[in-house]
Amino acid sequence: MNWRGPRVANENNSVMHSWCVQSQWQAPTVVGGHGAYLELEDGRRILDMSSLAECSNLGHQHPDVIKAICQQAQQLCFVTSSWGAQPRAELAEALLEKAGFEGGRVFFTLAGADANENAVKFARQASGKPRGHVIARDRSYHGASYACMALSGDARTRPQVDAEAFGVLHVAPPYAYQGAYGSHDPEECGERAVAAVAQMIDQHGVESVAAVLMEPNAGTNGIVAPTNYWPGLREETRSRGVCLIADEVMSGFGRCGEWFAWQRYGDAGKPDLMTLAKGLTGAHIPLGAVVLSADIAERLQHEMLYTGLTYCGHPLSCAAGLAALRAYEKEDLIARSRILGGWMLAELQALQERHAVIGDVRGGHGLFAVLELVVDRTTREPLAPWPQTPPALRALIDAAMEAGVSFACRGNLLLLAPPLVIQDHALTDALLLLDRLLTQFFPTAA
Ligand SMILES: Cc1ncc(COP(=O)(O)O)c(C=O)c1O
């Protein structure tokens with residue numbers, strides 16, 4: 001978010017902010033929220049079209065989640081992670097049931113990054129390859145801790161960490177729109193991208209590769225995997241005895257139209273481990289998790305686990321997680337995301353017909369879609385080299401904010417990921433505003 005409106009509370013003299021140049025920090029102060037809207041300290045109401053960091057899937061200040069947190073706080077705020085806590089057990093059981101991981105186990109973490117780190121630890125330990133390689137993708141994002149910077153294929157943090165020293169190997173993503181693996185055809189690109197992972201495993205030898213860790217559907221890199229990609233990865237990893245870890249931190253809890261994005265493929269997409277955070281509590285309180293299949297859990301059953309942080313499985317977070325799961329169910333939000341996501345995709349495709357700057361529209365399996373902005377549709381040249389954001393896109397985002405709608409962008413991509421509770425008319429209004437702003441900032445018609 002980059003907003004230049006008036007501000008009363010002056011954080012920029014005292015707070016160190018993430019992912020920005022401190023001297024350039026300018027953002028609104030939020031004092032409240034309701035559903036898909038945020039309330040700013042100057043009294044304005046902003047429609048949140050990105051669920052903040054693609055995490056407030058239930059909208060802001062969901063009353064059932066707040067009630068559960070208050071009730072738990074009155075009963076018991078904290079118990080060490082090595083002792084039992086009632087909401088933790090209930091949440092673990094509910095997650096295993098939603099995932100269809102009967103006989104599996106859940107390890108609770110504080111967020112997505114440590115969920116990914118622990119998933120790698122478990123995969124390595126369970127496969128008897130304590131320092132085994134992990135294959136991840138270029139241009140991926142798995143978190144900002146050191147090990148996760150190594151897992152991520154993120155150009156912004158690459159110089160800070162030696163991925164090889166962490167045992168991480170990177171492979172190109174199935175980015176069909178930009179002709180990865182020499183093909184613009186999604187099926188062909190997906191097939192070749194799977195073959196590249198299989199080849200990398202074989203090249204290093206199955207005995208030295210512990211896991212493949214990737215997002216099953218989409219990530220904030222804006223690349224949406226072709227439909228044959230994830231089942232293909234599952235097949236190749238299974239046949240080689242290599243663990244498949246699904247990073248569902250962003251794609252889970254309805255964002256991609258399923259509880260967990262891999263479920264789109266049924267058993268053919270079932271990973272050995274999956275990592276969760278963000279939508280797990282609808283971002284009301286920090287919580288992450290690693291969900292382990294029965295097979296992996298069984299292999300670790302009699303092993304010592306040297307892992308865990310003080311606040312892992314915090315009772316307040318678990319109570320929030322349990323209430324969040326019930327809210328997704330009660331309001332039928334997973335199906336709602338799938339239906340509204342399909343509608344939003346069709347609307348965005350209609351925008352593409354009017355605006356030459358929109359090279360590609362992707363996603364839409366749930367309420368997550370990406371517009372890729374290009375200089376020229378024939379050459380598909382990005383509006384700015386990745387990961388730079390073109391100034392006109394930045395200006396569009398600022399103008400939208402002035403008009404009361406917060407959109408997210410990353411590089412030359414506009415990301416749409418509203419809370420799953422967004423009202424139909426609010427979504428329609430946001431897309432109408434986007435149409436107007438595209439005409440204003442990128443006047444060339446298609
Ligand atoms: C796919 C994915 N994995 C992991 C993370 C890291 O999660 P956290 O910021 O909760 O550590 C993110 C955060 O954006 C993400 O999108």
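Two residues are in contact here if their C-beta atoms, placed from the backbone, lie within 7 Å. Keep in mind that this is a predicted model.

View 1. Ala-392 sits in helix α11, which runs over residues 391-402. Set aside the neighbours within four places in sequence, and Ala-392 is in contact with Phe-441 and Phe-442. Val-421 is another story: it is 29 residues from Ala-392 along the chain, and 30 Å separate the two C-alpha atoms.

View 2. Look for the peptide bond from Trp-386 to Pro-387, which is cis, with omega near 5 degrees. Most peptide bonds are trans. Pro-387 belongs to the loop between β13 (381-382) and α11.

**View 3. Two loop residues with positive phi.** Most residues other than glycine have a negative phi. Gln-61 is not a glycine, yet its phi is positive, at about 60 degrees. You'll find Gln-61 in the loop between α1 and α2 (63-75). It has 17 other C-beta atoms within 10 Å, so it is partly exposed. Tyr-181 also has a positive phi, near 60 degrees. Its place is the loop between β6 (168-171) and α6 (186-204). Tyr-181 is partly exposed because it has 19 C-beta neighbours inside 10 Å.

**View 4. The shell around the ligand.** Which residues come nearest to the ligand? Out of 15 residues around it, those are Ala-111, Gly-112, Ala-113, Gly-143 and Val-249. Helix α4 (residues 112-126) gives the most to this shell, with 3 residues. By class, the shell holds 7 nonpolar, 6 polar and 2 charged residues.

**View 5. Where domain 1 meets domain 2.** Domain 1 comes in two pieces, 11-61 and 332-441, while domain 2 covers 63-330. Taken over C-alpha atoms, the domain centres are 25 Å apart. The contact draws on 28 residues from domain 1 and 27 residues from domain 2. On the side of domain 1 that touches domain 2, the elements giving two or more residues are α1 (51-54), α10 (333-354), β11 (358-363), β12 (369-376) and β16 (413-416). Which of them gives the most to that side? That would be α10, with 5 residues.

Definitions and conventions
Residues numbered from 1 in each chain as written. Predicted model: local features only at pLDDT ≥ 70, side-chain atom pairs only at ≥ 80, totals over all residues. Helix = DSSP H or I, 4+ residues; strand = E, 2+ residues; numbered from the N terminus. Near = placed C-beta within 6 Å. Nonpolar A, V, L, I, M, F, W, Y, C, P; charged D, E, K, R; others polar. Domains from an automatic or database assignment. Buried ≥ 20, exposed ≤ 12 C-beta atoms within 10 Å, placed from the backbone.
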